[in-house]
Amino acid sequence: MPRLDRSTAAASVLTPRRPPTETGIVHLGLGNFHRAHQAVHTAAALDHTDGPWGILGVAGRSATVAEALREQQLRYAVVEISPSGTRVSVPAVHTGALVAAEQPDEVQDALAAPGTAIVTLTVTEHGYTFSPRTHGLDLDSPAVRADLRGDGPPRTTIGRIVRGLQRRVRTHARPLTVLSCDNLVGNGSQTRRLVHEFTEALPAAEREELLPWLTRSVTFPSSMVDRIVPATTDVYRNAVADRLGVRDAVPVPAEPFSMWVMEDRFAAGRPRWEHGGALFTDDVEPYELLKLRLLNGTHSLIAYLGALDGRETIPDAIARPFIAEAARSVLHDDYLPSLTVPTDIELEEYIRQLFDRWANTALGHRTRQVGSDGSVKLRQRVPEPALLHLRAGRMPHHLALTVAAYLCCVAPPSGFSPGPHAAAMADPAREPLADLARSAPAGPRTAFVEAVLESGLLGDHLTDHPAFTARIADLIDIIVRHGPAAAAADACGS
Ligand code: CS2
């Protein structure tokens, strides 16, 4: 069977009809999410109004996707899956694929190129080298320190951006937009702060060269992104082979739903993304919080309870009545009161859609994928709503359950086996949390939870609420002795 490439992609599935040849966007983070989200929205926009908006995709370290894309002349398929059917499309918007760790110079050139007007980012929550302790750039990280010294090619995303900006200011100093598309609260202002902090930590001459231009000419709009995109498996490779009669090594599975809301603060123009379904607003925060809490926050609880209950996928987990009930409770009782719902969102319909999306059995999104990186994800989802309730004298039982289930998955108390799906969750804090679990005294688990919260895992303020610590400890105990269903029943009954 021939490989998917420019000559074989069937015209009927290709968007836009006239693929761009000039690069206007450099994208950092060439994972599945970018290829099923910004790339698809850009393809749809360019189908309507063309322009110099090709995307140069940059992977961080792993060369697998970039190499496959190059072999396939930058074509890949998006396999949209729902119980009612499968739709395959080929977004043809990429103009190149680089690997930052292998081609650092090309990446800096691309960031500095006069035609580059936007840098988009999907580097995941832990790609930002953010320190929960200082609420700013992690200056203790060896990689950040090496990047500041300029020892070899940059290793961090923020380092790469700043080195590219230096090259830009030295050559032509045209304005630029840096657009974070990651699930962070205030992702634009966070990124701005980290880029500025990195610049401020540079030697004086470099700082003075860059900072005035950075302040004047580089904007950092915030954005809310939403599309469930699982990992690729052979099921999706076979779907492309069946539909298009070609081999695609790197297709991207995705649900049909997709949403993108952005602030319209672009320093040097942008594609007409509104024609590709994006919304523009002056204030993204209400959309971000809605999505981060109702979707992502609830998703985390479904993933951890599901994994502890032996469920491999999110649809398998939500099919368990006790998990569906816990999801409803966390969503309605704990997250919803912490939000101002944007006026154009029909809340009941939005929530109904969420449950349908989680129940998409055809998609097979794994509990281990959603449960991975909880130490960086939960910080964006849990502390603020929890504090809001605690300060008003209410106990957010299901947020406590979320943290308890997370800890049972990645830092299981000795003698407790959380099962294979939890064991497969990757987390940068796994080791330090396991150390805390090992050194916890026998008996009540309060000391362990206290130590976890004091480590800054969920920000600084939850430690002011010992009742929350005690509730998490309680629920861990119930999970260990009676299982996740009993803990969920306890949280619901409280
Ligand atoms: C999920 C998200 O893995 C996770 O934490 O909650 O990846 C979620 O699927 C996306 O944000 C949906 O837009």
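In helix H19 (residues 430-439), Leu433, Leu436 and Ala437 are buried, that is, 20 or more other C-beta atoms, placed from the backbone, lie within 10 Å of their own. These three residues lie on the same side of H19 because they cover an arc of only 100 degrees around the axis, taken from the directions from the helix axis to the C-beta atoms. The model is predicted: local features need pLDDT of at least 70 and side-chain atom pairs count only at pLDDT 80 or more, whereas totals for chains, interfaces and linings use all residues. Residues are numbered from 1 along each chain as its sequence is written.

**Helix H19**
- Glu431, Asp435, Arg438 and Ser439, on the other side of H19, are exposed (12 or fewer such atoms).
- Helix H17 (397-410) and helix H20 (446-454) pack against the buried residues of H19 (contact: C-beta atoms within 7 Å).
- Helices (H or I, at least four residues) and strands (E, at least two) are DSSP runs, numbered from the N terminus.

**Domains**
- An automatic or database assignment divides the chain into domain 1 (14-282) and domain 2 (285-493).
- Their contact takes 22 residues from domain 1 and 25 residues from domain 2.
- Strand E4 (78-82) and strand E12 (223-226) each supply at least two residues of the side of domain 1 that touches domain 2.

Methods: Contact = placed C-beta atoms within 7 Å.
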